[in-house]
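Please consider the following structure and the account of it given below.

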Amino acid sequence: MLRRLNRLLGGDERRVDSRTIYVGRQPGSTNEAFIPPKFCDNRIVSSKYTVWNFLPKNLFEQFRRIANFYFLIIFLVQVIVDTPTSPVTSGLPLFFVITVTAIKQGYEDWLRHKADYEVNKYRVTVLEDGRRISKESEKIKVGDVVEVVEDETFPCDLILLQSSRDDGTCFVTTASLDGESNHKTHYTVPDIEKDLEMLCATIECEQPQPDLYKFVGRMQIYRNNQESVVRSLGPENLLLKGATLKNTKKICGVAVYTGMETKMALNYQGKSQKRSAVEKSINAFLLVYLCILLSKALVCTTLKYVWQSKPGQDEPWYNEKTPREKETNLYLKMFTDFLSFMVLFNFIIPVSMYVTVEMQKFLGSLFITWDKDFFDPEIKEGALVNTSDLNEELGQVEYVFTDKTGTLTQNNMEFIECCIDGFQYTYRDTASELDGFCVTDGPVSKLPQKASTEREELFLRALCLCHTVQVKEPTEQDQGQGGGLLDQVDGLGVDGEVLQPPQEEKGFIASSPDEIALVKGAVRYGFTFLGLENKVMKILNRNKDVEMYELLHVLNFDPVRRRMSVIVRSRSGDTLLFCKGADASIFPRVRQEEVERIRMHVDRNAKEGYRTLCVAYKYLSAEEYAQADAGLREARLALQDREEKLMAVYNQVETGMSLIGATAVEDRLQEEAAETMESLQGAGIKIWVLTGDKMETAKSTCYACRLFQRNTELLELTVRTLEDGRMRREARLHELLIEYHKKAVQDVPPGVTRSWCSDSQDYGFIIDGASLSMVLNCSHESNSSLYKNLFLQICQNCTAVLCCRMAPLQKAQIVKMVKNSKGSPITLSIGDGANDVSMILEAHVGIGIKGKEGRQAVRNSDYAIPKLKHLKKLLLAHGHLYYVRIAHLVQYFFYKNLCFILPQFLYQFFCGYSQQPLYDAAYLTMYNICFTSMPILAYSLLEQHICIDVLLENATLYRAIAKNAMLRWGPFIKWTLQGVFHGLVFFFGVRYLFSNPALQNNGQVFGNWSYGTIVFTVLVFTVTLKLALDTRHWTWLNHFVIWGSLAFYVVFSFFWGGIIWPFLSQQRLCSVFAKMLSSLSVWLVIILLILLSLLPEILLVVFRNPFAPRPRQAAAAVTPLSYKHLKEHE
Amino acid sequence: MMASSYNAKDEDGNITVSGPGGGALRSKKPENTAFKQQRLPAWQPILTAGTVLPAFFGIGLFFIPIGIGLYVTSNNIKELEIDYTGSDMSSPCFNCSQSFSWNSTKPCTCTIPFHLDQPYDSNVFMYYGLSNFYQNHRRYVKSRDDSQLNGDSGSLMKPSKECEPYAYFEKKPIAPCGAIANSMFNDTLELFYNNPNGTKVKIPLTSTGIAWWTDKHVKFRNPGGSNPNFTAVFQGTAKPVNWRRPVYELDSDPENNGFINEDFIVWMRTAALPTFRKLYRIIQKKDDLLPTLPRGSYTLEVVYNYPVRSFEGRKRMILSTISWMGGKNPFLGIAYITVGSVCFFLGVILLIIHHKYGNRSNSADISS
């Protein structure tokens, strides 16, 4: 808690803005005493308990649950006070529940301990004083130089100092961090001596912050006899903990952030206990019942003393008190009487409900794992349930937050077509996909017209050069063999990594799958990129000649410019700039006469949902280049506003280009993604796409998924719309928000807030990460909440919302914001990568997709499914059913205990408020455990009030249960009234029967235990038959359990009354049940009362059906009262 | 609690998250069984007006005759109740009720004349009834020792704590212990038929067959087994404080003495409500031709031992015949007739609604 508080409060004010780290020997040991700054160690602590505090802490946490605490109190009361029932009746179940939970939590914490231990004790190699020392991971200190070998994960955040690769780069995958499985290139800090032992430097960098893509720092390198050199540090120098080193034999780096301060740790949120809305409802009902209980006890106590005040009532001659009772203080007696009443009526809140709910959840979740529709033959796995607490929440989802890459799309880019000078080139492979990559024949053009060969080749060269793709070097082969490259490119570089995307097999690695797709596209047309060596790019052209280009500068991609460029120098000495980027960012920068031809193609492709890029080039004259070169170098070294400066230079260089062509790359949607999204929207669920991807790409995906329709009006709040030039960003933001709010919220006719009910204009909202952080972290306090509200209101009135360029934590922020908004809607996050973990953890329900990008999401999710399309069944069928089931379970439990205890309460009026139980102790204990628990459990597992197929076909059925429809006060009151009615009927029915207790034909009379047993029999039968009436789906199990538990009750009662039980102090029920059944009157009254109790229920059902035929009747072609054998779908 | 905002599970792929169906079900295709796929064949009844209508009519038609039958039966049962509490000055027992004291040795007797307007034909059951007597009070109900009553010799000498304050008397264990036993009803009721010729004929009362068979033979047993020497068996015990005689002198018949005395057993079955009746005696029908109790005047002779005035109780003597449904109780008959009629009535309403609605739905179907 403290740590988090620190992070929230501190950061800005408390801490200094940067930290200084000393590497190696201190500069001039002659300096005055040097105090090393204190940083936290590299230990990871995720466990909650230690051996010592486990018992108290765990017990404390368990008894914080309102129910557990209540049962504890009841138990203690029973132990202390002379109560009508024995402490065992409530102590035993409580002990059982507490023990099981403690064991489970202890085991989980032990696993965490073990994991912590493994991480913390992991051996790492640290260079110290020139020696390589093997250390435990937890002992790494900030400033240590750590050596990491291939395929190892980095133990902390490191600044890359040295790589085994010649060009001072290394490759990492950050699959476990942000979900991107492709290899990223990181660079060593330039000008570092080969001998790290001699290295002496200080690193100044910012304090730890969670943004994975941001890092600013500088390194001051001291040399023995020279001036110190300053090198700037950026994210490309920082290796993050959790990332894995690939394709590089080993690297050395200096630790800058350790332990809980690493970016990875900062980005993870604790997997907090998620509680479902149903549990909240249960707690609310619990409070109501607690009030009922208290008032009942209070009423009884008061009446008792009023009654006793009459002479002769309190202690008639036949019923004297023991001396001890006489001596007790009056007020103490009142209090203990009150407690006794509490204990007598405490069965109204049964501990068994919690057990049953837990069992239902656990067993219910098995049906999800068993569902063969969730089985994916590709990965040979079905669904995985990590927590069973949230089954019913799946039926309540109002917002779905989905990741794009890997979730909506397959993250499998494919080059579809290109357009050169307005001529369309479509590549179609006739062979299967994989084989198609190897086709390196000449260009396949389906169109008769072609651009000039010169332009064609220029375009293809641009494709080959303008990227940051690396050629993957096979790990098995010797690295020095330059000739091997050619083989790999032809697809021979197979390295056994089956799960890697196909492009890996081809041997290309890049930070963006688009680039790989483009480079591969170029391969199809005859231009093969051979690799980058010593800043020279090699291309194999159509004539099988190798062309060499010297790579001078890479103008990296960034989301604001939305383009990237390279500056190369060809053999002939020409300096060329190739630029590719989004159409909107390229068109203004090229000669306008070229635009129109291309724009047509680009627009058409974009409409089809392809990711389009435009390619342009320009020749740089020597002066131009010199100027650009100087500008770039200067900007790169700037410590202040480096990004802005770089941007300015980039913008300056990337002008006056000429457009060559455009490309179209398809990011394939997941199977049935559009259908799934459509049916979810039909179910009234709002879908937000949260992606780290670029806006254009995300937008096209949204169109492809039919989240945005053709007529959807898009409201954009992005860096682009904010960058209006005229105004400050903040002012512009304000203006836009107000404008959109007017459009989306205020123009909607009042009362129609849900966009699905009106056929008015649909709105889609687009926001990007930068704008979002402006909305959320507005500098003005007053505006901040206003903006947030406006933003939320706009979003809630849009059919779909797209948030692009999101950092993982921002995703979680959005989820949190919606989660905490008015009406606290139920949110669901779905994603496949580690970048989705935080939002998966934040949302009410987190769903992981067992995709290609590691297991992070799956492990942190509540449910994991193999494909997006499975979400539909998970929500519409499983979620719906589980919600209905558990809602019914909860209501039924409260109901059955109300009508169980109400007669007992009423009996107090007839027994002098003496806390005399109406039922025998065995019945009191077993009512909830044995007689009535199994039918409701079976019901809550098997019930399908609407069959699954119908649920899947009619997404609108999902809305019927939205907003916790079955657990709101209305239904609760209905159930409660029913319980009260039943209780009254049971008690007074038997009461009037007993106005003459001679109920047998031999004139013998019945006593109080017979009375209780008759009430109890009616109760058990009514309650069970009521459930039978509610059951719409009678499988053999329901039959077995319902009739079975009734039969069990009868058999048990016979048995219980048939023997003199030696361990019982009182043989209260001896032969009572048998005697009872020998009386015809009792039979008649039992039948009468059961029927009378169920009559309103039947009437309700019957009256409801014809007047408001529920969709199920309309949709489900169920022949009433007939067996319907559902077909086994294969 | 949230400070450990980092989960080490994320670090290590080897940890399988505990949860249902964790590791075992991985990479295994789920079985395609009807149960696991939630496709068990099922009966899906839907209650509609159409299906419920016959049931309503059926219930109505079934319940009304039963109700009438019950009502008639109940009405045919002859019952006579005589309150002999003696709280009124005019009551013959007034004196007895006033001059009550526990240790009076001379029994107070009162006679109450009454008249039967109708002859009682079958066996007549004689009950005593008490009002405002809380036999179901918790302190009272639990104040007994069933193992003592079951003949357990250990409990005989060492009664259960529950019997307090009626467990020991002068250091001697009380047998039978407890408040219930202590307060056993001890009025003696006798019936005399006043022959028209002026003689008083004592009507023979059977005191057996009034307790539950199982109580008499299973639940209640005398200590010492079949030892007929009760004095020896009950040696060392005290009689309940309010009793005049020890338990082994309740009856002369050894089969009806001690703990298995039927009056005692009947008393020990605590009543459900504060107003109750208990079977006292049975007047067996002797002759098929003569009524058990012919029309005429009778005298009830009460040996008034049982005080009820202190708690404003009432005492009654009830003479009743019994039918197959037990004693007189019009409630069941009325309830059955009511419920039956309500069902029938609802059936009619439903029929009307169903008729109307059916037409509407048909037209709706056509139009759609």
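**A guided reading of the model**

A:Trp1083 is part of helix α37 of chain A, which comprises residues 1080-1107. The model is a predicted one. With a relative accessibility of 43%, A:Trp1083 is classed as partly exposed, because that class lies between the limits of 20% for buried and 50% for exposed. Together with A:Leu1080, A:Ile1087 and B:Trp324, A:Trp1083 makes a nonpolar surface patch of about 400 Å².

An unreviewed UniProt entry places the feature "transmembrane region" at several stretches of chain A, including residues 972-994 and 1081-1103. In the model, residues 1081-1103 of chain A are 100% helix and 0% strand, with the end C-alpha atoms 32 Å apart. For residues 972-994 of chain A the corresponding values are 96% helix and 0% strand, and the end C-alpha atoms are separated by 33 Å.

Charged side chains form the next topic. Side chains of opposite charge can pair when their charged atoms come close. Over all chains, the count of salt bridges comes to 51. One of the pairs joins A:Glu261 to A:Arg19, with 2.5 Å between the closest N and O atoms. A:Glu261 and A:Arg19 are both buried.

A further salt bridge links the side chains of A:Glu547 and A:Arg461, at 2.7 Å from N to O. Here strand β22 (residues 546-555) of chain A contributes A:Glu547 and helix α12 (residues 453-465) of chain A contributes A:Arg461, so the pair ties together parts that are 86 residues apart in sequence. A:Glu547 is buried, its relative accessible area being 12%, and A:Arg461 is buried as well, at 18%.

B:Glu31 is partly exposed, with a relative accessible area of 41%, whereas B:Lys36 counts as buried at 17% relative accessibility.

Salt bridges may also be joined into a network. In chain A, such a network links A:Lys121, A:Arg123, A:Glu136, A:Glu138 and A:Lys139.

Note on methods:
Residues are numbered from 1 along each chain as its sequence is written. Chains are lettered from A and ligands numbered from 1 in the order in which they are written. This is a predicted model: local features need pLDDT of at least 70, side-chain atom pairs count only at pLDDT 80 or more; totals for chains, interfaces and linings use all residues. Side-chain values use heavy atoms; hydrogens and water are left out. UniProt positions are given in the numbering used here, feature names are shortened, and annotations may be inferred rather than shown by experiment. Helices (H or I, at least four residues) and strands (E, at least two) are DSSP runs, numbered from the N terminus. A salt bridge is a side-chain nitrogen of Lys or Arg within 4 Å of a carboxyl oxygen of Asp or Glu. Buried means under 20% relative accessible area, exposed over 50%, partly exposed in between (1.4 Å probe, protein chains only). Patches are made of residues with over 30% relative accessible area and no salt bridge: like charges are joined within 9 Å, nonpolar side chains (Val, Leu, Ile, Met, Phe, Trp, Tyr) within 5 Å. Accessible areas come from the Shrake-Rupley method with a 1.4 Å probe; for residues, only the protein chains shown count as cover.
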